[in-house]
Amino acid sequence: MIHNKETIPQRPAPKGTIGPVAWLRGNLFNGPINSVFTLLGLYVLYLLVVPTVQWAFIDANWVGDSREDCTRAGACWVFVNARFSQFMYGLYPSEEYWRANIVFAMFAAIIAWMVIPRLPFKRWMALFALLIFPVIAYVLLHGGYFDLPRVSTHRWGGLMLTLLLASVGMIGALPIGIVLALGRRSNMPIVKTFCVIFIEFWRGVPLITILFMASVMLPLFLPSEISVDRLVRALIGLTLFQSAYMAEVIRGGLQAIPKGQDEAAAALGMTYWKRMGLIVMPQALKMMIPGIVNTFISLFKDTTLVMIIGLFDLLGIVQAALSDSRWLGFSIEGYVFAAFVFWIFCFSMSRYSQYLERKLNTGHKH
Amino acid sequence: MSVRPNIRPAGHKPPFWRDRAKRALIFQIILVAVVAAFLIYIIGNTQANLNARGITTGFSFLGNTAGFGIGQTLIEYSSQSTYGRTFVIGLLNTLLVGGLGVIAASIIGFIVGIARLSPNWLIAKLANAYIETFRNIPLLLQIFFWYFAVLRTLPSARESMAFGEAIFLNVRGLYLPQPLFESGFGLIPATFVVAIIASIALVIWNKRRHEATGKRIPVFWISLVIIFGLPLLVLVATGVPVTWEMPVLRGFNFGGGITIIPEFLALWLALSIYTASFIAEIVRSGIQAIPHGQTEAAQALSLPRKLVLRLVVIPQALRVIIPPLTSQYLNLIKNSSLATAIGYPDLVSVFAGTTLNQTGQAIEVIAMTMAVYLIISLLVSMFMNWFNARVALVER
């Protein structure tokens, strides 16, 4: 019997299937129509990228402190530079920036802790973020305790306010959303009807009418001696709006759990809340996380609407800075900066949600 | 769980808090009571507040004279018109920008979504860049960009950008020639309608013939020729009974022609571009949701490629695409309310803005505005339920 112990040496791949030329031929120039499209795409890219780079980097003005320093043809980033602290903190008094900075740093640390998979004690961290961190943030930002001077909410603004609105809206919406979703799936007819009406009402109207309602009608609803802070009014509107969307995401997650899970738990004699809390929710939550992140992204973008009712979030403060008579005519720079900040946040969140979707896809879906 | 016969003697009833039905009943009664108490509290406060401010409730203000002008009116309106009229004007403007936005967003979204799946690497990456850029920037920011950074910085009327001698673009808007129809033009829309009916009849006949004999004719191209060729033929035969009224510079501004205000352009552009990025993702995932086996099976049956797409892939993809697509359309219409930030006279801007400020009838005005959006959402979701029931897979 002939026995070949030597492995046959690997032969090189056929010519024309590897290397940059083959890649070009396979992906860009396979056929006349595709070649035309490629050339067209290259031309579009040329039209877009070259002037943009020229404007934003090569011809841009980077240093200086007044508009006279913007002598070159490109973008005047001096404007953004001069206004940077306002864009970040709004009209917050500059000697108190350290307080906002601590909150920013804690916020970033919590996010990093939750996102990096290797770090332990995620559950405790989440509890800390949901229960203790808001109190610390409030005490630090608002002041009035521990000899910290008070900073009233109408001075809050910029990116700080945007992050605050989004986080509070999110944290407030989650429990309300869970209750609404459970209510919508309940067997009790009145509870179910109530939840359906509530969810469909908030989902059916634009956020801006809700903000109008919160700013115009909320004072009418309350006794005249109670006056609610404008920021709180916006937060109430945002939270209720967000909770309706959250409820639908959670309901979707709950529906994805096979009924047998709930029935098996019931057969073991578990009560409703035990079944939900120990069996259904932990499984459903896993499926809901991408959806929750997506609604959070849209909430984050929607916070820009508060400028219409007179709060200065990041977009609001940029818009206000544009009408400063010393800096007229730099609207493109202002908008590009704001767009860039929003884009960084939203893009990284959407990437994270895609990553989670891949990671959590343990083959339960059919 | 409530029955444990081995422990309880027969005839023993569990206490009422152990009985699920009774517990549910009590819980619901409490809920109703709480909600009712909340409503009574709110209504009482509101009445007290309204009395204190001297505002009378009711819808009689709709008959009062509005006294303000509106920049874009689709039907006749003057500052002597009533608040009821401003409501209708605002509603029509909302529907106009919503309708045109839906059309533009669908066209861009489908093109980008299909380009995203292109085998051409560069085209796919460009489409991806479009989606990731515009999806992640707040809509309000995009509206501001188009309005304040682009359209507001255009040259004045005297130095306006001209495209041919017919289209002009300047800081006051876009000026287009307006067709003026002479007598005898009515024949052309009539032919158009007849052509559409004829093509529908042709499609039905073709389908019946195909089912009976297996033969088919290229009905799509034939209908295209009929629908566009026939009215064109009539147009030429009647001697083109249309004249164009050109926009002309008179003094500081243009007269004649159609004027499209910059607020509309900015809102329309931003809404279409923003929503298109979501539609593109929906189209992509809808097409990708169809297992490749479907295409392969169809090819194994030696269906030509065109028919594989039309008869196998697209009908199944539409089932996945249409529900999120309609919710995007709904979002677009709701987002058109951002018009108020740049002063496009939509429903929220003229009615929940100016009218509310002038009359102070906050509750009535906000309720009417919300009702409009709720009715639109309700109609769309009714359509969705009907559609889902029609196309749902019948599982056994």
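Residues 159-353 of chain A have end C-alpha atoms 22 Å apart, and the span is 79% helix and 0% strand. In UniProt, an unreviewed entry lists these residues, 159-353 of chain A, as "domain: ABC transmembrane type-1". The coordinates belong to a predicted model, and the values below are computed from it.

The rest of chain A continues in the helical manner. Chain A has 13 helices and zero strands, so its pattern along the sequence is simply α-α-α-α-α-α-α-α-α-α-α-α-α. The radius of gyration of chain A is 27 Å, well over the 21 Å given by the globule rule for 366 residues, so chain A is more spread out than a compact globule. Its C-alpha atoms fill a box of roughly 95 × 80 × 40 Å along the principal axes. Of the 366 residues of chain A, 32% count as buried. Among contacts in chain A with a separation of 6 or more, 64% join residues 24 or more positions apart.

The UniProt record, again an unreviewed entry, also marks "transmembrane region" features in chain A, including residues 97-116 and 194-222. Over residues 97-116 of chain A the span is 95% helix and 0% strand, with end C-alpha atoms 28 Å apart. Residues 194-222 of chain A are 90% helix and 0% strand, and their end C-alpha atoms lie 22 Å apart.

Chain B also carries the "domain: ABC transmembrane type-1" feature, which an unreviewed UniProt entry places at residues 91-384. Over residues 91-384 of chain B the chain is 69% helix and 10% strand, and the end C-alpha atoms are 23 Å apart. For chain B as a whole, the secondary structure comes to eleven helices and eight strands. The C-alpha trace of chain B spans about 95 × 75 × 45 Å along its principal axes. Of its 396 residues, 27% count as buried. Residues 24 or more positions apart account for 64% of the contacts in chain B with a separation of 6 or more.

The domain assignment divides chain B into domain 1 (16-53) and domain 2 (86-160 + 260-391). The C-alpha centres of domain 1 of chain B and domain 2 of chain B lie 40 Å apart.

The two chains meet through 44 residues of chain B in contact with 44 residues of chain A. On the chain B side, α1 (20-53), α3 (121-135), α4 (139-150), α9 (305-335), α10 (347-359) and α11 (362-391) each supply at least two residues. The largest share of that side, eleven residues, comes from α1(B). By class, the side of chain B that touches chain A has 31 nonpolar, eleven polar and two charged residues.

A:Trp343 gives one local view of where the chains touch. This residue is found in helix α13 (residues 331-360) of chain A. Leaving aside neighbours within four places in sequence, A:Trp343 is in contact with B:Asn136 and B:Ile137. A:Trp343 has 18 other C-beta atoms within 10 Å and is therefore partly exposed, since a buried residue needs 20 or more. Within chain A, A:Trp343 and A:Lys301 are 42 residues apart in sequence and 9.5 Å apart in space, C-alpha to C-alpha.

The largest nonpolar core has 144 residues, and A:Leu211, B:Leu141, B:Ile143 and B:Leu267 touch the most other members. Helix α7 (residues 262-288) of chain B provides the largest share of this core, 15 residues. Beyond its neighbours within four places in sequence, B:Ile143 is in contact with B:Ala266, B:Leu267, B:Ala270, B:Leu338, B:Ala341 and B:Ile342.

B:Ser302 is found in the loop between α8 (292-300) and α9 of chain B. With 7 other C-beta atoms within 10 Å, B:Ser302 is exposed, because a residue with 12 or fewer counts as such. Phi of B:Ser302 is near 60 degrees, a positive value in a residue other than glycine.

Methods: Residues are numbered from 1 along each chain as its sequence is written. Chains are lettered from A and ligands numbered from 1 in the order in which they are written. This is a predicted model: local features need pLDDT of at least 70, side-chain atom pairs count only at pLDDT 80 or more; totals for chains, interfaces and linings use all residues. Two residues are in contact if their C-beta atoms, placed from the backbone, lie within 7 Å. Helices (H or I, at least four residues) and strands (E, at least two) are DSSP runs, numbered from the N terminus. Ala, Val, Leu, Ile, Met, Phe, Trp, Tyr, Cys and Pro count as nonpolar, Asp, Glu, Lys and Arg as charged, and the others, Gly among them, as polar. A nonpolar core is a set of buried Ala, Val, Leu, Ile, Met, Phe, Trp, Tyr and Cys residues joined through C-beta atoms within 7 Å. The radius of gyration is taken over C-alpha atoms; the globule rule is 2.2 Å times the number of residues to the power 0.38. UniProt positions are given in the numbering used here, feature names are shortened, and annotations may be inferred rather than shown by experiment. Domain bounds come from an automatic or database domain assignment.
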